Every structure is written in C-alpha cells, then in structure tokens.
Amino acid sequence: MSLDGIYDPDNIFAKILRGEIPNVTVYEDDHILSFMDAFPQSRGHTLVVPKAASRNLLDTKPDDLAYVIRKTQIIAKAVKQALQPDGITITQFNGAPAGQTVFHLHFHIIPRYVSENLAGHSQGQMADMTELSKIAAEISANL
Ligand code: AMP
C-alpha cells in the first residue's frame, strides 16, 4: 500500500467505525472515535480515529485533521492523568513503507514508562479485553 490509492471501505478501522468489529472505546463524538489498541505497545496505548474516510494525513481534509489532532491532545492529557506515564509518544504513519498497517488515518497515543520496554510497532501481544476495558474507563474518567 503506497501513499496513493483508493480508500478501502473494508479496512479494519472502517469496520470498527461501522460497529462490525468490537472495540474498547475511550471516547466518541460525531467526528472521531478513540479506542484502545488491541495489540498495545505499552499499557494505555490508545488510538484516535476520525470518522471521515481518508487513508493517511496527506489525503485528509484540513478541518478533519485539525479536529482529530486537537482531540488527540485532549485524550493524551487524559491518558497522562489516568496512567501517570513518564512520557507519551504520539505517532502517525503514512504508507506501508513508513510502517502503516491500517489504511484509515489514525494517531497513536503511546504512554512511556521508564522501567518498561516498548513492544514493537504492530508487534505487541493481543491484550486482555478486561484489562483494556479497565484502562479505557480510567482514561474516560479524565475526559
Ligand atoms: P498502523 O500500523 O499505524 O496502521 O497502526 C494500526 C494499529 O492498529 C496497530 O497498532 C494495531 O495494533 C492496531 N489494531 C489492529 N487491529 C486492531 C483492532 N481490531 N482493534 C484495535 N486496534 C487494532
């Protein structure tokens, strides 16, 4: 999947947005859905996904991009309040050669803890759903 191409409405995040695949929701409004990464790189790895269809940052409408990045900041602050990490990495990949694996725009909020190693991007273990739900509730409580 290169940078250019047609948006695939059957990508996994489109299915999550349509409710066809379950997710552990942190926050939702008319324009974005934020949910826990199912293969987290660290405890509290959260995704922020605009509802408008675009493949990556380059083909996203500026207003949609502005909205999702503003919400990413707000949710990152809630992650900080809830989990008290030592740092937070925000990532976003464009095109498979850059590391993108799901071709619907999204931002990663990855809490960092000095005593813990980070799992590789898209190489984390599938998380326990009960544990993810507890973390999501802690983050939501700070929004
Ligand atoms: P990227 O490689 O930047 O496109 O990120 C895609 C992210 O989606 C990875 O961190 C995956 O762990 C995550 N992911 C894949 N499938 C799911 C799913 N069903 N629910 C939640 N996160 C997912």
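The protein has 3 helices and 5 strands. These are DSSP runs, numbered from the N terminus: helices are H or I with at least four residues, strands are E with at least two. Along the sequence the order reads α-β-β-β-α-β-β-α. The radius of gyration, over C-alpha atoms, is 14 Å, close to the 15 Å that the globule rule gives for 143 residues, so the protein is as compact as a globular protein of that length. That rule is 2.2 Å times the number of residues to the power 0.38.

A word on the source. This is a predicted model: local features need pLDDT of at least 70, side-chain atom pairs count only at pLDDT 80 or more, and totals for chains, interfaces and linings use all residues. Residues are numbered from 1 along each chain as its sequence is written, and side-chain values use heavy atoms, with hydrogens and water left out.

Now overall dimensions. The C-alpha trace spans about 40 × 30 × 25 Å along its principal axes. Of the 143 residues, 41% are buried. Buried means under 20% relative accessible area, exposed over 50%, partly exposed in between, with a 1.4 Å probe and protein chains only. Take contacts with a separation of 6 or more: 65% of them join residues 24 or more positions apart. A contact means heavy atoms within 4.5 Å.

On to salt bridges. How many are there by this rule? The count comes to 7. The rule asks for a side-chain nitrogen of Lys or Arg within 4 Å of a carboxyl oxygen of Asp or Glu.

First on my list, arginine 18 and glutamate 20, at 2.7 Å, N to O. Arginine 18 is partly exposed at 43% relative accessibility, and glutamate 20 is partly exposed at 48%.

Next, lysine 51 with glutamate 28, 2.7 Å from N to O. This pair links distant parts of the chain, 23 residues apart: lysine 51 lies in the loop between strand 3 (46–50) and helix 2 (62–83), glutamate 28 in strand 1 (residues 25–28). Lysine 51 is partly exposed at 31%; glutamate 28 is partly exposed at 47%.

Then arginine 43 and glutamate 138, with the closest N and O atoms 3.8 Å apart. Again distant parts of the chain are linked, 95 residues apart: arginine 43 is in the loop between strand 2 (32–36) and strand 3, glutamate 138 in helix 3 (residues 129–140). Arginine 43 is partly exposed at 35%, glutamate 138 likewise at 31%. And the pair belongs to a network of salt bridges linking Arg43, Glu131, Lys134 and Glu138.
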